[in-house]
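Please read them alongside the sequence and the coordinates.

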Amino acid sequence: MDTQTSHPAPKNFQLVHQLTRRIRIISPILKNDQERGYIFEILLKKRPEIKRVRSVYALGSVVIQFDPTRLPKKNLLIMLDAVLGNIARKQAEQHEQQKKVFEGPVQEVDLAVEGMTCASCALLIEMVLKRDHRIKQASVNFGTSTLTVHGQLVKDDVSAKVATLGYQTYAMDTLSQRKKLIEKEQQRIVVAKRRFIWSAVLSFPVVVVGMSMPTSRWLHWMQFALTTPVVFWSGWTFFTKAWRLAKQRTANMDSLIALGVGSAYGYSLPALFRRSGHIYFEAGAAIITFVLLGRFLEERAKGKAGEAIRKLVDLQPQTATLIRDGQEIVIAVDDCAIDDVLLVRPGEKIPTDGIVIHGVSTVDEAMVTGESLPVVKDVGHQVIGGCVNGNGALRIRVTAVGMDTVLAGIVHMVDQAQATKLPIQKQVDKISAVFVPSVMVLSGLTMAGWLLVGAPFGFAFGNAITVLLIACPCALGLATPAAIMVGAGQAAREGIYIRNGESLETAAKLNVVVFDKTGTITEGKPKVTDLLKLSRLSEEKIIRLAASAEHSSEHFLGKAIVTYAKERSIELQECTHFYSETGRGIEASVDGKMLLLGNKAWLLEKGVEVEGLLAAAGDFSGQGKTPVFMAVNGKAAAVFGIADKPRPQAVQAIQHLKKLGVHTLMVTGDTEKTANYIAAIVGIETVIANAKPEQKLAIIHQFQNEGKKVGMIGDGINDAPALAAANVGFAIGTGTDIAIESADMTLVHGDITKVTEAIQLSTDTIRIIKQNLFWAFGYNVVAIPVAAMGNLNPMIASAAMALSSVSVIVNSLRLNKK
């Protein structure tokens, strides 16, 4: 052991052990902080002088092997101190910066918004919310009529701010509340239809008379009588919203309509009483009618786009049967509380998540988990709210309610995906923000220009109104969210739940997809098929020790060993010590014996000679089985052969990706022989075996540094860093919670062919968005100059404006037919 050379003592770690080429440090900065630990390892591994880094996050301990000829120990210690100091300082700065703005905890507020009539309404609400320094982030989606706010404000505060703009908000914390909102949506469609019909009935004679250019004064008075209720009843909301916005010194599409209709109606009144001059009653009535038609068609199309959410919400029943003091009481599902005991009769939907405490039945979980066959549920089994009970009666104890249930989580995931703003939408928002004021200025310039060249006032005035009405920020604002809403809904129907809406844009650009093996390409249902032992211990004793140690493990292979013991009715023993290193193996203490189970590298690292097991392990690997080595008290004891067959759809999935021009590779912690065997079956040429989690992460970064867009498909805890780092992470729905939380998309049914469907859906969605934006921009670029030149009348302008928004939604709905 070296003597430490004299230099300033490090501030951010303690040097606890040192050799010529290896040191071990302990840092409080890294203790119990896996994220910092990963960052620290990644920064060190970028240095070629650092040969190996191994961390124990629970202790904040790091072992570093280095080349002292290229990096003297003194320099290494100075570098480590600086790196740790920067990591600590960076996080402290972020924390302080956040504290300055948000003195309290940041919370998420989700609300439904009623009264938005166009995409510019959503943009306005979002802009007003973002001006509040207590709000960190705000997103308002016109397509789903929802808003999400991250900040210090509570629901009531957010609702009050939105109310000042003339919009009403509703809670959407439970599925029952969501169901009521869906009912309100249906009512809005009915009201929109009724307003349009009444407006059309009254406007039709006004337009017919106006087009005949009447000179009879009583016909002018008839137009006035029929137009007035159209403007001040059917169109009253345009004026009220425009007035509220004017008081806020803002404007939106309602402002343009109110200005155009008000001008047409207001200009006509003096002409009516003077009995001279042109009147524009037919223009005012027609504008209101065409806009109301557009709004009705828009509401109905939005309803179709939100079909996926409605189907999910409808899975939950509205009532539950509560067992209290031996009595059966029917209560609203929202009144269920944790630990309540509920009765679920045959054929009923399970009200909420719970655990079976009495009875045996089968439960159809197809709508939630994708399992095609009903699953047997006995005492101690978990059940999911919204699934249909079979022939037996069950009593369940409630384990989750409200937004904490599995079904509510899925709905929230789809919500978040539909509400996400893509980078392309953020650019459109910037244009939309200045669109309405610009149109008002252009309208004024149009009128002034015609008056300057000597045109009659009525002609100049008509052209100015036409410019106001032909402009359509709604089509621009709807172009992206309408496509995203339909695309995310279509993905949900296909069993692809999108957590991050931006991934819907990125998936189309993927050119590399990295697969994990166990539980991803394979079914994740491994079985122990072989056991070779060297120890004098009996086979039963070997199995008991191994299964007792693996009982605390979440790994598929560990679970296979536990199942193997249970199938042989071998009772497990208490495990008094357990330590797991992801992607390597476990260390445990059972019955006074120290056990090691894992791959060959894990046992070699612990100083265990495994020569006697290598031949059998090689045979297992050659047959596509994974060898799991076992040592007892530091000596090689046995090797298990564990088989896990490929998923039936794996070959098809790889073939589809290749047809799309996507490079595929398998990166696994398994042995090279086993990995190559499985890869050959499914058609993957590139295989990287014996990979640790940090190596998977490094491979993702390597491709990204080469300019590639990388997708990662995995299911385990060891895949979580790579899933989070990939451009798009796909998690297998049957995998671990950490993997699912780290991914951008979840393949609920575990069908990896859905990856190609996700890529294709992404491609289709981006194409639809580009089409929408092309037509929306093209419409405005062409229509506004034509209107300013006097080649359109206000009625045609209002009809074109209304239909442009509808066309964007109808085009987006084509995704449902893909």
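Is Glu605 buried, partly exposed or exposed, judged by relative accessibility? Glu605 counts as partly exposed, at 23% relative accessibility, where buried means under 20% relative accessible area, exposed over 50% and partly exposed in between, computed with a 1.4 Å probe and protein chains only.

1. Basis of the note. This is a predicted model, in which local features need pLDDT of at least 70 and side-chain atom pairs count only at pLDDT 80 or more, while totals for chains, interfaces and linings use all residues. Residues are numbered from 1 along each chain as its sequence is written, and side-chain values use heavy atoms, with hydrogens and water left out.

2. Confidence. The mean pLDDT (the predictor's confidence in each residue, from 0 to 100) is 81 for the protein chain, and 85% of its residues reach 70 or more. Over residues 1-6 the pLDDT stays under 50, and the model has ten contacts beyond four places in sequence for them, a contact being heavy atoms within 4.5 Å. Residues 97-101 are also below 50, with three contacts beyond near neighbours in sequence. Where pLDDT is low, the predicted coordinates should not be read in detail.

3. Overall make-up. The protein chain has 28 helices and 30 strands, these being DSSP runs numbered from the N terminus (helices H or I, at least four residues; strands E, at least two). Of its 818 residues, 54% are buried. Among contacts between residues at least 6 apart in sequence, 68% join residues at least 24 apart. The chain exposes about 36,000 Å², of which carbon and sulfur atoms supply 56%; accessible areas come from the Shrake-Rupley method with a 1.4 Å probe, and for residues only the protein chains shown count as cover.

4. The Glu605 salt bridge. The side chains of Glu605 and Arg584 meet in a salt bridge at 2.3 Å, N to O, the criterion being a side-chain nitrogen of Lys or Arg within 4 Å of a carboxyl oxygen of Asp or Glu. Glu605 belongs to helix α20 (residues 600-605), whereas Arg584 sits in the loop between β21 (575-581) and β22 (585-590), the two being 21 residues apart. Arg584 is buried, with a relative accessible area of 11%. Salt bridges that share partners join Arg52, Arg54, Arg584 and Glu605 into one network.

5. Other salt bridges. A search of the whole structure finds 20 salt bridges. One of them pairs Glu494 with Lys754 at 3.4 Å, N to O; Glu494 lies in the loop between α15 (473-493) and β18 (496-498) and Lys754 in helix α27 (residues 754-788), so the pair ties together parts that are 260 residues apart in sequence. Glu494 is partly exposed at 29% relative accessibility, whereas Lys754 is buried at 11%. Arg345 also forms a salt bridge with Glu348, with the closest N and O atoms 3.8 Å apart; Arg345 is partly exposed at 32%, and so is Glu348 at 29%.

6. The twelve residues of helix α21 (residues 611-622) should span 16 Å at 1.5 Å a residue, and the end C-alpha atoms are 17 Å apart, which agrees; the expected span is 1.5 Å times one less than the number of residues. Its buried residues are Leu613, Ala616, Ala617, Gly618, Phe620 and Ser621, and what covers them includes β20 (527-533), β24 (625-632), β25 (635-643) and α23 (672-682). Just after the helix, Gly624 takes a positive phi of about 80°.

7. Asn633, in the loop between β24 and β25, has a positive phi near 55° and is partly exposed, with a relative accessible area of 48%. Asp325, in the loop between β9 (319-324) and β10 (327-332), likewise has a positive phi, of about 55°, although it is not a glycine, and counts as exposed at 75%.

8. A buried helix residue. Val808 lies in helix α28 (residues 794-813) and is buried, with a relative accessible area of 3%. Val808 and Ala483 are 325 residues apart in sequence and 8.6 Å apart in space, C-alpha to C-alpha.
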